[in-house]
2 protein chains.
Amino acid sequence: MMRTRPLKVALLGCGVVGSEVARIMTTHADDLAARIGAPVELAGVAVRRPDKVREGIDPALVTTDATALVKRGDLDIVVEVIGGIEPARTLITTAFEHGASVVSANKALLAQDGAALHAAADEHGKDLYYEAAVAGAIPLIRPLRESLAGDKVNRVLGIVNGTTNFILDKMDTTGAGYQEALDEATALGYAEADPTADVEGFDAAAKAAILAGIAFHTRVRLDDVYREGMSEVTAADFASAKEMGCTIKLLAICERAGDGASVTARVHPAMIPLSHPLASVRGAYNAVFVESDASGQLMFYGPGAGGAPTASAVLGDLVAVGRNRISGTTGPGESAYAALPVSSMGEVVTRYHISLDVADKPGVLAQVATVFAEHGVSIDTVRQQGKDGEASLVVVTHRASDAALGGTVEALRNLDTVRGVASIMRVEGE
Amino acid sequence: MMRTRPLKVALLGCGVVGSEVARIMTTHADDLAARIGAPVELAGVAVRRPDKVREGIDPALVTTDATALVKRGDLDIVVEVIGGIEPARTLITTAFEHGASVVSANKALLAQDGAALHAAADEHGKDLYYEAAVAGAIPLIRPLRESLAGDKVNRVLGIVNGTTNFILDKMDTTGAGYQEALDEATALGYAEADPTADVEGFDAAAKAAILAGIAFHTRVRLDDVYREGMSEVTAADFASAKEMGCTIKLLAICERAGDGASVTARVHPAMIPLSHPLASVRGAYNAVFVESDASGQLMFYGPGAGGAPTASAVLGDLVAVGRNRISGTTGPGESAYAALPVSSMGEVVTRYHISLDVADKPGVLAQVATVFAEHGVSIDTVRQQGKDGEASLVVVTHRASDAALGGTVEALRNLDTVRGVASIMRVEGE
């Protein structure tokens, strides 16, 4: 049965994603109506530059007054694709107060203020959906919070930033250095003029906070996420990775710590074996690997960004929220009942690949090995290479805590025979 | 707010999947209650052999009278993991009539009678969920029918049978023949004593019917699915595939035909390029590749069978259906509004790899090429190899309809100089 009164949708933001959402709402209007059970009407579009020509959008719908738009009171769904903290946050809560449900693609806001936004949605009995906030078109939020709702997720390991994956893939396949690969990413439009949010891991950290929260039914704030960027990864690191049968990816890792009584979330470059499904994720693609008790290993793969893929995720949410409106219900809201403590990075346990520049003389290896032993870090393999009176030592450890490894490196730096610590990289996915 | 009256769940079948569902319902009772918003109570278990000891299941709950169980009238959810057409079909409709929603893992039944079952669910205002029916633990039904609800899916290309993927992977990596690889699969428990349903593609065809129905919002019956097994794939086919930079997979392919006004669904072995993400799906794993207008290419990967993974999918549905019961609503039911016609295999357009045994004398290639031309099938490459007075000819075509290719092969068989058609294999995923 088709309801004839249309669902009124307001669009906040009409950039790359918003214009694609508006376009598909028009071109696929009949499909959307059939899938929701009611027609969908674009009721208003809030923009910053009203004079810009927006193909296919009735100029009468365009306004610069986003606040007045969300206060109209007749809206069913507000789609927020502005990004950033403010004014997005205030607009979303105002939308709830005035009776609308919200579909958002705003990872930064969800990672920082997700709990407060969910509380506002609950208070007003409205939906807050945000599939598009993590990994673009890849269905991830819904599978994690609904399909795996009967399972226990232990680990989420993901490539959730396309820009950095493009750069690392380029370095891996062409031997290019970081700057050269970044320049190419910028030229091709994969990296922004200021690439900081991507290459320093801020974008991935926001996604890690959201994923960890859903996977572990626990609030994880952006500040809880350990973050290390990939701008210091070198061609030499890739050469080392190859020798180990690995490649290097910038990973977002959310896992239960120790005996499962706490959780951790972190973003950093890491070596992973070439045999791991994430190792073959090329270019700007994203992929998220989920390990759980009953399902074992699942992977979700696809384009992590871009106007059309992100719009697809927004529209999937629009259909779900629209159906909920019509049946007078809401979807699963925030699930934070487990409320596990979030452990610090020091408690993370993993393996490490450490390159040291050392003096090329007898006894150095013994000294270095002693330092590892004193800190309780067990060595798996050591490789020594001499070059012109200096030598390099590559140590791969067994599993150890980040705190123990940190203490080890600190002590190594204080050894006379250690000229420098060339690189420290975690080894994951084994 | 936790509701205190528990949701009553009956389990039909307590084999590999059912016992795992019961186990997780017990061990994860608190988590399930928190995620649903009400405790879940196992209210009855219908089995064939009541005397078998079932660890963790109260013997008082066990019955051989499944019909009486689903007629009790106090059940909220019936979980059907018996498999097969009857008595599963009657039990499910009886469950709807007596007020319960249903979670099923029954691909054969859904593929054959999905429309009637959905109609029964709708008539009684109940849910019918079946994530576990396709590709085990991999969230696929929910992403297709919910996450991609705002997108237009054009193609679904999947490895949806773990047994055959194990066999083909073994043939590929070890050079083993079909029988040898099947024997190993049987010994390891990946293949059943009678492997027909798997190796002849019946299992994959049922899944293809279900996937096509959801992807294209169109009813696709099992009979609509073209089906060809993989028991005739040879080591020589793998050698040919390698020469083309391909491997061989048993694929389920659902796609829009021609101008998108109809759909097709088929299961057959096919060559796919090694660079395609599906090519690296190893062992008994499943993966499904989805191409759509806005999202581009998505892939879902994971274990396609097994007690625990299938139970994870069942429990995810149990949580969703449980939440729907509490809020007095139902989830998205069957979406068949598009009602596109299903085209026959003859209208499928793809590329072909054909091996011919021919007489080793001048003019043969010209004869063969003429036959292709007469049927409108354009040749991409030809490779000719002589051996002891005979020769083999490998022809790879450009895209052609299956009907045209069929006519070509028929005519080739009638040529005096063609001793035999050694193999015909479709080439996909390019």
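Guide: This is a predicted model. In chain B, helix 8 spans residues 178-187, and B:Tyr178, B:Ala181, B:Leu182 and B:Ala185 are buried there.

Visitor: Why are the buried residues of helix 8 of chain B said to line one face of the helix?

Guide: Viewed down the axis of helix 8 of chain B, the buried residues fall within an arc of 100°, so they line one face. An α-helix has 3.6 residues a turn, so residues three or four places apart point the same way.

Visitor: What do the buried residues of helix 8 of chain B pack against, and which exposed residues does the face turned away carry?

Guide: The buried residues pack against helix 7 (162-174) and helix 9 (196-199) of chain B. The face turned away from the buried side carries the exposed B:Glu180 and B:Ala187. Just after helix 8 of chain B, B:Gly189 has a positive phi of about 85°.

Visitor: What makes A:Lys107 count as partly exposed?

Guide: Buried requires under 20% relative accessible area and exposed over 50%. A:Lys107 has 27% relative accessibility, and therefore counts as partly exposed. A:Lys107 lies in helix 5 (residues 107-123) of chain A, and an unreviewed UniProt entry lists A:Lys107 under "binding site".

Methods:
Residues numbered from 1 in each chain as written. Chains lettered and ligands numbered in written order. Predicted model: local features only at pLDDT ≥ 70, side-chain atom pairs only at ≥ 80, totals over all residues. Heavy atoms only, no water. Buried < 20%, exposed > 50% of the residue type's maximum accessible area, 1.4 Å probe, protein only. Helix = DSSP H or I, 4+ residues; strand = E, 2+ residues; numbered from the N terminus. Arc of directions from axis to C-beta. Contact = heavy atoms within 4.5 Å. UniProt positions renumbered as here; feature names shortened; annotations may be inferred.
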